[in-house]
Amino acid sequence: MTTDDNSLAGTRRWAIVLNALAALALTASLYMVFFYAPTEAEMGVVQRIFYVHVPSAWVAFLAFGIVALCSLGYLWLRDERLDAISVASAELGLLFTTIVLVTGPLWGKIAWGAWWVWEPRLTLTLLLWFIYVGYFILRGAADSPERGKRFAAILGIVGAVDIPLIHLSVTWFRSQHPEAVILRPEGPQAAPEIVQTLLVSFLAFTLLFFGLLMVRYGLERLENRVEARRVRSSLRPSVRSASGVG
């Protein structure tokens, strides 16, 4: 078994462990969301979207942060494994950003009376989604796979600049979006049951992200290996012809 085979076997083991832990944490989170956390006085049951919306945003930011770091490493080292992590993390980042953009309007309809409001945080989050859609368009539109990877890596790094802007937009600009109720200098502005449930949801979504990342990373490595073998096999006839071997 080669080193690459050992690496992929290790990735599969981590994927199994992390996804099993994520399943347990998600089960605990769902129980706490529906049976432990109190119902919010003003918005009622709809406020429970909070336990999906906020952890999804955290995971999306984490995913795109990983994209930026691995893209920087790829541009420096040209290590295909870093590119594989980048593309896997970007796909998951888009998935969780989509969840944010779906659950946000569902919550906003009750809180603001409108499905969508062009306020800073929502607008910047939508921009983040479009940036990483562009990441995949760049990968596929370049005239060579290597060039596509480089262009996408640059966009992956630049796009991450939007993440702190999203986080700080509520305090920098006048906004309808509520300010943080948990991560506050003076302490959480929420009941202990709400804080505990949110923390368990954070843990569950984070474990789910890393479990899915291992699965997607392993698939990307296998796809790269198959593509490399296909290219080598297509070059062999040309090599034989050039050397005069029929």
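Is F64 buried or exposed? At 0% relative accessibility, F64 counts as buried; here buried means under 20% relative accessible area, exposed over 50% and partly exposed in between, with a 1.4 Å probe and protein chains only.

A quick note before the views: this is a predicted model, with local features needing pLDDT of at least 70 and side-chain atom pairs counting only at pLDDT 80 or more, while totals for chains, interfaces and linings use all residues. Residues are numbered from 1 along each chain as its sequence is written, and side-chain values use heavy atoms, leaving out hydrogens and water.

**View 1. The overall fold, read from end to end.** The protein has seven helices and zero strands, giving the pattern α-α-α-α-α-α-α along the sequence. Helices (H or I, at least four residues) and strands (E, at least two) are DSSP runs, numbered from the N terminus. Of the 246 residues, 40% count as buried. Take the contacts (heavy atoms within 4.5 Å) with a separation of 6 or more: residues 24 or more positions apart account for 77% of them.

**View 2. F64 and its surroundings.** F64 sits in helix 2. Skip the neighbours within four places in sequence, and F64 is in contact with A90, G93, L94, T97, L128, Y132, A160 and I163. V87 is 23 residues from F64 along the chain, with 10.0 Å between their C-alpha atoms.

**View 3. An aromatic cluster.** F64 turns up again here, forming one aromatic cluster with Y132, Y135 and F136. Across the whole structure, a search finds ten aromatic pairs. In the Y135 and F136 pair, the ring centres are 5.2 Å apart and the planes are at 80°, so this one is edge-to-face. For the cut-offs, rings of Phe, Tyr and Trp (its six-membered ring) pair if their centres lie within 6.5 Å, and planes under 30 degrees apart count as stacked, over 60 as edge-to-face and the rest as tilted. Y135 is buried, at a relative accessible area of 1%, whereas F136 is partly exposed at 24%.

View 4. You'll find R78 in the loop between helix 2 (50-77) and helix 3 (80-112). Its phi is near 55°, a positive value in a residue other than glycine. Most residues other than glycine have a negative phi. The charged end of R78 sits over the ring of Y74, 5.8 Å from the ring centre; that label needs NZ of Lys or CZ of Arg within 6 Å of the centre and within 35 degrees of the ring normal. R78 is partly exposed, with 39% relative accessibility.

**View 5. The second largest pocket.** A pocket, on a 1 Å grid over the protein atoms alone, is an open set of points where a 1.4 Å probe fits, with protein on both sides within 12 Å along at least five of seven lines, and lining residues have an atom within 4 Å of a point. This one has a volume of about 270 Å³. Its lining is R139, P145, K149, E220, E223, N224, E227, A228 and V231. Helix 7 gives the largest share, six residues, and helix 5 (145-159) also supplies at least two.

**View 6. T27 and S201.** T27 lies in helix 1 (residues 3-36) and is exposed, with a relative accessible area of 55%. S201 is 174 residues away from T27 in sequence, yet the two are 9.7 Å apart in space, C-alpha to C-alpha.

Methods. Points joined across faces, edges and corners; volume = space filled by probe spheres on them.
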